[in-house]
Amino acid sequence: MDLGGLEKAVKAAAEAVSGADDILIVSHIDADGISAAAISAIVCERLNKDYDVLFFSKMGEDAIDAVNNSSRSLVWISDLGSGYLSRLRKDGIVITDHHVPDSSWRKGQTSLGDFNRIVHVNPHDHGYDGSSDLSGAGVTYLVAKSIDPANTDLAYLAIVGACGDMQDSGSGLSGINRAILGDAVSEGNLEIKEDVRLYGRETRPLTGFLQYGSDPEIPGLSNEQEACAAFYARLGIPLKEGRRNRCWTDLSEEERAAATDALLSFVREKDRERLVGETYVLTDFPRGTDRHDAKEFATLLNSCGRYDDAPTGMRICMGDEDAVKASKENRSMHKRNISGAIDHIRKNDLLKVRRYIQYFDAGGDIKDTVLGIVAGMLLNGDGAYRGLPIIAFADSEDGVKVSARAERDMAGRGLDLSEVMKTAASLVGGFGGGHNVAAGATIPEDKKEKFLDIVEDLVSAQVI
Ligand SMILES: [Mn+2]
């Protein structure tokens with residue numbers, strides 16, 4: 001392992017960030033990516049730099065374009081990017097990632113120009129294991145700390161990111177994560193506590209905590225609600241305090257010790273170390289909330305990402321307590337939007353079937369941001385035909401947004417919706433792309449019929 005090499009890369013990244021006029025932060029929508037973006041954003045604020053943040057679910061064409069076309073003097077990409085080094089053309093890029101790097105880039109990286117364009121910080125380059133030693137937020141944190149030692153107060157966010165990427169599974173964090181853990185502890189905003197490592201210590205009622213805790217499995221208690229209630233009854237531990245359900249963290253020290261001992265006798269020998277061990281308590285956040293525990297914090301961020309609401313997750317990381325409420329509202333609104341959209345299509349018989357494709361036109365009634373999810377859910381539920389790709393239209397600000405979805409096995413029969421969307425869109429003056437069974441396009445408003453005809457031709461030619 002080459003800590004010196006990693007330190008050098010971290011220092012180069014710190015210099016690039018400090019020297020930038022303004023910054024575009026590009027990050028991944030999962031808990032690790034959101035914590036990483038929060039660290040970068042706080043660093044920008046502390047350095048008094050203008051910045052924007054964009055989140056992507058992957059380094060797709062849209063993300064690559066956003067990087068390459070950015071007018072900001074520096075693009076700081078976190079928890080993404082290492083696999084796409086050779087596609088990134090912009091002058092002035094810092095990447096703090098822990099995914100396996102793009103091998104073609106290193107081969108091609110011969111000129112000094114290439115070398116200066118991207119400052120790449122990745123533990124893989126220096127003999128560490130990016131899947132367990134360090135997360136995307138962790139790499140980002142190392143750069144933050146190098147910019148200013150005062151940024152050590154952000155170490156706990158790197159721990160949230162690492163937990164989000166399951167780097168704490170087994171018996172706790174290791175590798176460089178361990179050193180970051182030390183920073184968080186000495187800053188005083190994280191406590192390492194020996195406890196039962198099931199999910200929901202802070203927020204789940206006592207029975208649910210055992211009943212739904214599946215990692216590790218507790219034979220006789222997992223998925224057995226009555227057995228879980230009986231478990232506590234035997235120990236004389238009340239499930240409620242007044243009318244309120246008690247959580248694991250509400251237990252007194254004596255209750256918790258007794259329940260932990262009893263639990264250990266339920267699990268297999270090999271699972272004991274996983275059941276009881278290190279937990280990471282975030283002491284700056286209110287007790288009894290999902291931000292008080294690093295693992296639960298990460299789950300909250302992951303759900304923000306999944307519901308298309310990573311920016312709210314980032315605000316939560318940045319200490320905005322109003323964002324917690326907003327994230328709950330956005331989540332339920334997102335779910336309502338989707339089920340409302342599916343109802344709308346069914347009630348109005350919007351789904352039309354042609355020989356090789358099926359389609360619906362939602363007009364202005366379905367938000368274009370959920371169009372792909374709705375098309376996919378129709379295809380996987382009942383309400384759409386199996387074996388036909390589904391094409392969905394919705395009005396958007398810059399024309400008609402198209403989402404195309406197909407069942408996975410159609411790719412094996414030759415279907416490539418990415419190619420179909422790209423070709424058909426360009427023939428009607430739009431643009432498109434994506435993957436073989438999930439793709440999209442944007443086309444001019446008056447070209448839907450022509451577009452469908454072309455799509456149908458292309459699909460019938462591809463599929464055997
Ligand atoms: Mn990650």
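Modeller: Let us begin with burial. This is a predicted model, and of its 464 residues, 53% count as buried.

Biologist: How many helices and strands are there in the protein?

Modeller: The protein contains 19 helices and 15 strands.

Biologist: What radius of gyration does the protein have, and what would a compact globule have?

Modeller: The general idea is to set the value beside an expectation for the chain length. A compact globule with 464 residues would have a radius of gyration near 23 Å, and the protein has 25 Å, which agrees. Along the principal axes, its C-alpha atoms fill a box of roughly 70 × 60 × 40 Å.

Biologist: Which share of the contacts joins residues at least 24 apart?

Modeller: Among contacts between residues at least 6 apart in sequence, the share is 62%.

Biologist: What can be said of the surface and of the charges?

Modeller: The accessible surface comes to about 20800 Å², and carbon and sulfur atoms account for 48% of it. As to charge, there are 53 positive and 74 negative side chains, and the centres of the two sets lie 3 Å apart.

Biologist: How is a pair of aromatic rings described?

Modeller: Such a pair is described by the distance of the centres and the angle of the planes. In this structure there are six aromatic pairs. One of them joins Phe 231 and Phe 266 edge-to-face, with 5.7 Å from centre to centre and 75° between the planes. The pair links distant parts of the chain, 35 residues apart: Phe 231 belongs to helix H10 (residues 225–234), while Phe 266 is in the loop between helix H11 (253–264) and helix H12 (272–275).

Biologist: Why does Phe 231 count as buried, and why is Phe 266 described as partly exposed?

Modeller: Phe 231 counts as buried because its relative accessibility is 1%, and buried means under 20%. Phe 266 has a relative accessible area of 26%, so it is partly exposed.

Biologist: Where does Ala 392 lie, and which residues does Ala 392 touch?

Modeller: Ala 392 lies in strand E12. Its relative accessibility is 0%, so Ala 392 counts as buried. Leaving aside residues up to four places away in sequence, Ala 392 touches Phe 360, Leu 371, Ala 375, Lys 401, Val 402 and Ser 403. By contrast, 47 Å separates the C-alpha atoms of Ala 392 and Thr 283, which are 109 residues apart along the chain.

Biologist: Finally, which backbone angles deserve a reader's attention?

Modeller: One may look for a positive phi in a residue other than glycine. Asn 223 is such a case, with phi near 65°. Asn 223 is found in the loop between helix H9 (206–211) and H10, and at 62% relative accessibility it counts as exposed. Asp 349 also has a positive phi, near 50°. Asp 349 lies in the loop between helix H15 (322–347) and strand E10 (352–353).

Biologist: Is Asp 349 buried or exposed?

Modeller: Asp 349 is exposed, with a relative accessible area of 56%.

Definitions and conventions. Residues are numbered from 1 along each chain as its sequence is written. This is a predicted model: local features need pLDDT of at least 70, side-chain atom pairs count only at pLDDT 80 or more; totals for chains, interfaces and linings use all residues. Side-chain values use heavy atoms; hydrogens and water are left out. Rings of Phe, Tyr and Trp (its six-membered ring) pair if their centres lie within 6.5 Å; planes under 30 degrees apart count as stacked, over 60 as edge-to-face and the rest as tilted. Helices (H or I, at least four residues) and strands (E, at least two) are DSSP runs, numbered from the N terminus. Buried means under 20% relative accessible area, exposed over 50%, partly exposed in between (1.4 Å probe, protein chains only). The radius of gyration is taken over C-alpha atoms; the globule rule is 2.2 Å times the number of residues to the power 0.38. Contact means heavy atoms within 4.5 Å. Accessible areas come from the Shrake-Rupley method with a 1.4 Å probe; for residues, only the protein chains shown count as cover. Lys and Arg count as positive and Asp and Glu as negative; His and the chain ends are not counted. The place of a charge is taken as NZ of Lys, CZ of Arg, CG of Asp or CD of Glu.
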